Amino acid sequence: MAGELPAGNHHTPEELLSIIHDISGMCSGDSSPSAVNAADAMFKKDCTDLVRRISLLTYLFEEIKELNKVSESASASNTAAHSHSDSDSWSSDLVIALHSARRLLSVARNFRSNCSSDGAAKTIVFQFQCVTWKLEKLLSNLPYDNLDISEEVREQVDLVRTQLRRATDKYGFMISKMPSNELSHPLAQEINQVLGKSVSGLHKQHSCPENLSELANIPENNVGKSCSTYRAASLLERSRSIPASTDVSSSNVNDPESEEKSEGEVKKPEAIVIPEDFLCPISLELMRDPVIVATGQTYERSYIQRWIDCGNTTCPKTQQKLQHLTLTPNYVLRSLITQWCIDHNIEQPTGLTNGKIKKSDGSFRDVTGDIEAIEALVRKLSSRSLEERRTAVTEIRSLSKRSTDNRILIAEAGAIPVLVNLLTSEDVLTQDNAVTSILNLSIYENNKGLIMLAGAVPSIVQVLRAGTMEARENAAATLFSLSLADENKIIIGASGAIPALVELLQSGSPRGKKDAATALFNLCIYQGNKGRAIRAGIITALLKMLTDSSKSMVDEALTIMSVLASHQEAKVHIVKASTIPVLIDLLRTGLPRNKENAAAILLALCKRDTDNLACISRLGAVIPLTDLARSGTERAKRKATSLLEHLRKLQQI
């Protein structure tokens with residue numbers, strides 16, 4: 001295989017980048033409508049997701065490449081030699097895994113379900129599991145100690161790993177749905193020889209082969225002629241018609257007439273051809289929210305938005321330069337697609353169908369409201385008239401506050417990307433109402449992803465820094481709402497939001513401080529954000545809250561500090577800020593929850609630190625800790641008892 005190198009050879013970042021760039025371009029190949037009509041889109045989402053995840057690794061290897069240049073210019077030959085030696089194994093394995101991914105993508109993109117068996121599909125699903133599992137494992141073993149990678153890029157790699165892990169679990173679940181008695185023992189053995197993996201391993205979520213070289217034998221452009229895929233598919237297909245109790249040796253598995261009869265019994269429904277104008281030129285899928293760009297071409301909003309967010313300023317279809325980046329809803333086409341779906345009894349691409357929306361658990365929710373009136377309001381959000389925009393966004397804010405149904409309908413009408421654009425409006429009233437509308441919309445879980453997809457975070461952070469106090473309060477609340485999803489914690493933390501939140505915590509209104517505290521607590525659950533918060537001066541702000549005479553935010557300050565106290569850098573700052581005496585005083589005088597958190601923070605500070613233990617002993621912590629161990633909350637009792645045990649051990653030294 002071209003470019004396939006044996007393990008043990010060192011591979012430069014340039015080589016890895018070249019493979020990644022090849023893979024990144026695979027989703028744009030065969031993108032003509034004729035190609036879509038010729039081949040099914042059965043694995044289209046799997047291919048798109050895998051390409052997107054691998055493409056994100058570009059930043060990692062570009063950074064390694066730049067660091068190598070600096071190293072070479074400094075003539076650090078010893079360091080470079082050491083780095084190469086350590087990276088030989090992982091870079092070679094990664095090259096093999098990426099080649100396997102590229103070949104699998106080619107196979108999956110050319111898969112034809114009308115001439116392939118269910119077994120072939122299951123084989124490809126298994127191969128997707130193998131590739132994603134291997135990539136996740138390799139990324140978890142990156143030698144960061146020898147690679148001076150920035151924190152931001154590390155977080156991006158962590159995000160890719162998380163997505164790969166979830167994908168592995170998904171494929172494992174899909175494979176495990178195949179009944180265990182579907183394969184008889186002799187057939188299982190033959191499939192084992194084909195796939196290089198025991199069939200029992202197919203039913204385990206994480207049982208993927210270490211060596212992905214079996215993918216190298218699959219021709220890239222013809223699934224039908226693939227030896228391993230075709231044989232496994234044939235075996236799995238034939239085994240479906242064999243009862244579990246039937247003896248394979250006496251069955252008619254190899255009877256061609258029997259096979260022909262079996263195939264003839266199943267009549268495949270005639271495929272419905274989707275009009276070409278209804279397909280997004282980027283995703284080649286039926287459009288849900290069609291929008292028009294400056295060149296007059298129409299795309300699915302989420303895909304063209306991603307294209308623009310990546311820094312592209314040309315029309316993907318015509319390659320003409322976009323004179324502006326405004327995305328105008330194509331309501332006429334959207335209406336035609338909706339009507340076509342109704343006429344052909346197809347679930348509409350919009351989440352809303354006949355007044356119902358499908359929820360994540362598969363059930364349906366009834367949605368009531370005037371969708372036409374809402375669509376008219378959303379159109380006015382893009383009006384050239386400032387007054388008309390103001391009126392429309394004010395009404396959207398009001399509607400989004402009233403009910404979940406309105407939040408669903410407003411998002412379905414395509415309001416979110418337009419509202420995100422209005423966050424940068426120079427008109428204060430428009431900006432205030434836009435950020436509050438997004439906050440209201442984010443309450444509905446499904447809208448969180450749409451808001452992130454619209455690239456809202458940087459604009460929300462800008463409002464948090466420079467908006468009116470009300471806008472800053474609502475921007476902080478929006479960031480909290482969005483950060484409830486774990487992957488969003490990483491994105492928001494890397495956006496510069498934390499210093500702006502710390503500033504609001506220090507100088508905001510009472511409500512603004514509460515909103516900032518809630519957002520910071522949630523963001524700091526992610527380990528990578530703790531250092532950012534500390535460097536932004538959060539410890540000083542928290543100590544001020546603890547010693548404030550009003551005592552209005554003691555509970556919030558202790559809750560955030562208890563999350564930070566496990567971080568080594570935070571421990572140093574907490575001690576330097578003379579926080580220990582304040583915490584001991586709270587053990588004596590605080591409310592039950594305050595005492596509980598104060599004890600938890602002191603325990604975190606004193607673990608493996610005899611200096612801090614000696615300090616709390618000198619400051620008279622033993623008596624309040626003893627009282628807490630007797631009469632505190634259950635958690636407070638555990639923390640106080642553990643801390644007293646540490647103090648007793650210190651006295652015995």
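# A tour of the predicted model

Select Ile560 to begin: this residue is buried, with a relative accessible area of 1% (buried means under 20% relative accessible area, exposed over 50%, partly exposed in between, with a 1.4 Å probe and protein chains only). Before you go on, note that this is a predicted model, where local features need pLDDT of at least 70, side-chain atom pairs count only at pLDDT 80 or more, and totals for chains, interfaces and linings use all residues. Residues are numbered from 1 along each chain as its sequence is written, and side-chain values use heavy atoms, with hydrogens and water left out.

**Stop 1: around Ile560**

Stay on Ile560 and colour helix 26 (residues 554-564), where this residue sits. Helices (H or I, at least four residues) and strands (E, at least two) are DSSP runs, numbered from the N terminus. Which residues does Ile560 touch, not counting residues up to four places away in sequence? Show Ala517, Leu520, Phe521, Ile538 and Leu542 to see them; contact here means heavy atoms within 4.5 Å.

**Stop 2: two rings**

A pair of aromatic rings is described by the distance of the centres and the angle of the planes. Rings of Phe, Tyr and Trp (its six-membered ring) pair if their centres lie within 6.5 Å; planes under 30 degrees apart count as stacked, over 60 as edge-to-face and the rest as tilted. By this rule the model has one aromatic pair. Select Phe278 and Trp340: the ring centres are 5.9 Å apart and the planes meet at 80°, so this pair is edge-to-face. The two come from distant parts of the chain, 62 residues apart, with Phe278 in the loop between helix 10 (256-265) and strand 1 (290-292) and Trp340 in helix 12 (residues 331-343).

**Stop 3: salt bridges**

How many salt bridges does a search of the whole structure find? There are 19, each being a side-chain nitrogen of Lys or Arg within 4 Å of a carboxyl oxygen of Asp or Glu.

Start with Arg390 and Asp427, whose side chains meet at 2.6 Å, N to O. Arg390 is partly exposed at 25%, whereas Asp427 is buried at 12%.

Next, select Glu470 and Arg397, a salt bridge at 2.9 Å, N to O. Glu470 is in helix 20 (residues 469-482) and Arg397 in helix 14, 73 residues apart.

Then move to Glu634 and Lys637, where the closest N and O atoms of the salt bridge are 3.7 Å apart. Both residues lie in helix 32 (residues 634-652), three residues apart, about one turn of the helix.

Finally, show Glu136, Asp158, Arg161 and Arg165 together: a network of salt bridges links them.

**Stop 4: two positive phi angles**

Select Gln319, which has a positive phi of about 65° although it is not a glycine. Gln319 lies in the loop between helix 11 (301-309) and strand 3 (328-329), and counts as exposed at 51% relative accessibility.

End the tour at Ser578, another residue other than glycine with a positive phi, near 60°. Look for Ser578 in the loop between helix 27 (568-576) and helix 28 (580-589).
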